[in-house]
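I opened this notebook to record what I looked up in one structure, entry by entry. I kept to things that can be checked against the coordinates.

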Amino acid sequence: MIKVTYVAHDGTETVIEAEEGTSVMQAAVSNDVEGIVGECGGSMMCATCHCYVDEAWEARTGQRSDDEDEMLEGAASEVTERSRLSCQIKLDPSLDGLVVHLPEEQL
Ligand code: FES
């Protein structure tokens, strides 16, 4: 199992454990983590799974793709260089302990 910490906009942390191969979005939705909606189910057709990868983890999650970039243009909250669509980050053992921050709003 892979541990992921979601830090809400107000600083509240939720720690969950998910199976390898699950996306950061799926892991949040199936554990009722508030702040990730995942409206399109992970097909990169919305931006309601927007998250900010913690600085310490940026190198391991990699850069967002051009398609993610395009979809993030419709995000409800500010997009920064650490913004990602959490449905596009798949959990593998190298991401055990991952920390992501959640935007103020998704819709
Ligand atoms: S869940 Fe819709 S783009 Fe990620």
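The entries below go from the sheet to the loops, and then to side chains and searches.

**Entry 1, the model.** I note at the outset that this is a predicted model, and I read every value below as computed from that model.

**Entry 2, the sheet.** I looked up the strand order and found an open sheet of five strands, arranged E2-E1-E5-E3-E4, in which the pairing is mixed. The edges are taken by E2 and E4, and because each of these has a single partner strand, one side of each is left without a neighbour in the sheet. From one strand to the next, the twist averages 35°.

I first followed E1 (residues 2-7) to E2 (residues 13-18), and found the two strands antiparallel and joined by six bridges. Within this pairing I checked lysine 3, whose bridge partner in E2 is glutamate 17. The two strands make a hairpin with five residues between them, and in the turn I noted glycine 11, with a positive phi of about 95°. I then turned to E5 (residues 98-101), which pairs with E1 in the parallel sense over four bridges. Here valine 4 stands opposite leucine 98 of E5.

**Entry 4, the loop between H1 and E3.** I wanted to know which residues other than glycine have a positive phi here, and noted two of them. Aspartate 32, in the loop that runs between helix H1 (24-30) and strand E3 (50-53), has a phi near 55°, positive although the residue is not a glycine. Methionine 44 lies in the loop between H1 and E3, and its phi is positive too, at about 60°. Are these residues buried or exposed? Aspartate 32 counts as exposed because its relative accessibility is 67%, which is over the 50% limit. Methionine 44 has a relative accessible area of 18% and is therefore buried, the cut-off being under 20%.

I placed alanine 75 in the loop between helix H3 (66-72) and strand E4 (83-85), and with a relative accessibility of 16% it counts as buried. What does alanine 75 touch, once its neighbours within four places in sequence are left aside? I found contacts with Ala47 and His50. I also looked up cysteine 46, which is 29 residues away from alanine 75 along the chain, and the C-alpha atoms of the two are separated by 8.1 Å.

I found glutamate 68 in helix H3, where its relative accessible area is 2% and the residue is accordingly buried. Setting aside neighbours within four places in sequence, I listed its contacts as Met44, Arg84, Leu85 and Gln88. Met44 in that list is the methionine of Entry 4, placed in the loop between H1 and E3.

I searched the whole structure for aromatic pairs and found zero.

Terms used
Residues are numbered from 1 along each chain as its sequence is written. This is a predicted model: local features need pLDDT of at least 70, side-chain atom pairs count only at pLDDT 80 or more; totals for chains, interfaces and linings use all residues. Side-chain values use heavy atoms; hydrogens and water are left out. Buried means under 20% relative accessible area, exposed over 50%, partly exposed in between (1.4 Å probe, protein chains only). Contact means heavy atoms within 4.5 Å. Rings of Phe, Tyr and Trp (its six-membered ring) pair if their centres lie within 6.5 Å; planes under 30 degrees apart count as stacked, over 60 as edge-to-face and the rest as tilted. Two strands pair if DSSP finds at least two bridges between them. Axes are lines fitted to C-alpha atoms, for helices over the stretch in contact, and angles run from 0 to 180 degrees between N-to-C directions.
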